[in-house]
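This report is for a reader new to the structure. Please look over the sequence and the model before reading on.

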Amino acid sequence: MSRLLERGGVRLESGPQGLAVSGDVDFDIAALLAEAGSTWLIEQPSGSGVVLDLGGVEQVSSAALSVLLEWTRQARMADVEILHVRLSAPLVRLTQVAGLDELLPLAGEA
């Protein structure tokens, strides 16, 4: 895994399968996190598939959902398929409340 970002206890890493986030994602880190992940997604070969692993995100807010939606948008623009999204239990609950659980290829709770 390569570390793309580490700040304020939040870590974003990339590996052969995709991106992995851990830490407490709030509005202070969301923009940097979205940018770092988006840059990585844009660099992936067209037609490739990736996994987004947010299973290590425990303290969540709508900022984490914003990051996830931005990555989804960037992947679509780069013709990169999101094979599945792994979410922590708090993020699963938040996506259900927001009605996003049916729009994402969720892999299940952490």
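The sections below cover the basis of the model, a hairpin, the salt bridges and one serine.

## Basis of the model

This is a predicted model, in which local features need pLDDT of at least 70 and side-chain atom pairs count only at pLDDT 80 or more, while totals for chains, interfaces and linings use all residues. Residues are numbered from 1 along each chain as its sequence is written, and side-chain values use heavy atoms, with hydrogens and water left out.

## The hairpin

Helices (H or I, at least four residues) and strands (E, at least two) are DSSP runs, numbered from the N terminus. Strand 1 (residues 2-7) and strand 2 (residues 10-14) run antiparallel and are joined by 5 bridges; two strands pair if DSSP finds at least two bridges between them. Leu5 has Leu12 in strand 2 as its bridge partner.

The two strands form a hairpin with 2 residues between them. Gly8, in the turn, has a positive phi of about 55°.

## Salt bridges

The structure holds 4 salt bridges, each defined as a side-chain nitrogen of Lys or Arg within 4 Å of a carboxyl oxygen of Asp or Glu. Side chains of opposite charge can pair when their charged atoms come close. One of the bridges links Arg3 to Glu6, with the closest N and O atoms 2.8 Å apart. Glu6 also meets Arg11 in a salt bridge, at 3.1 Å from N to O. Accessibility is described as buried (under 20% relative accessible area), exposed (over 50%) or partly exposed (in between), using a 1.4 Å probe and protein chains only. Arg3 is partly exposed at 47%, as are Glu6 at 42% and Arg11 at 27%.

Another salt bridge joins the side chains of Arg73 and Glu70, at 2.9 Å from N to O. These residues are separated by about one helical turn because they are 3 residues apart in helix 2 (residues 62-77). Arg73 is partly exposed, with 36% relative accessibility, and Glu70 is partly exposed at 23%. Elsewhere, salt bridges that share partners join Arg3, Glu6 and Arg11 into one network.

## Ser14

The side chains of Ser14 and Trp40 are joined by a polar contact of 3.4 Å. A polar contact is a pair of N or O atoms within 3.5 Å; within protein, one must be able to donate a hydrogen and the other to accept it, and residues adjacent in sequence count only if both atoms are side-chain atoms. Not counting residues up to four places away in sequence, Ser14 touches Met1, Ser2, Leu4, Leu19 and Trp40, where contact means heavy atoms within 4.5 Å.
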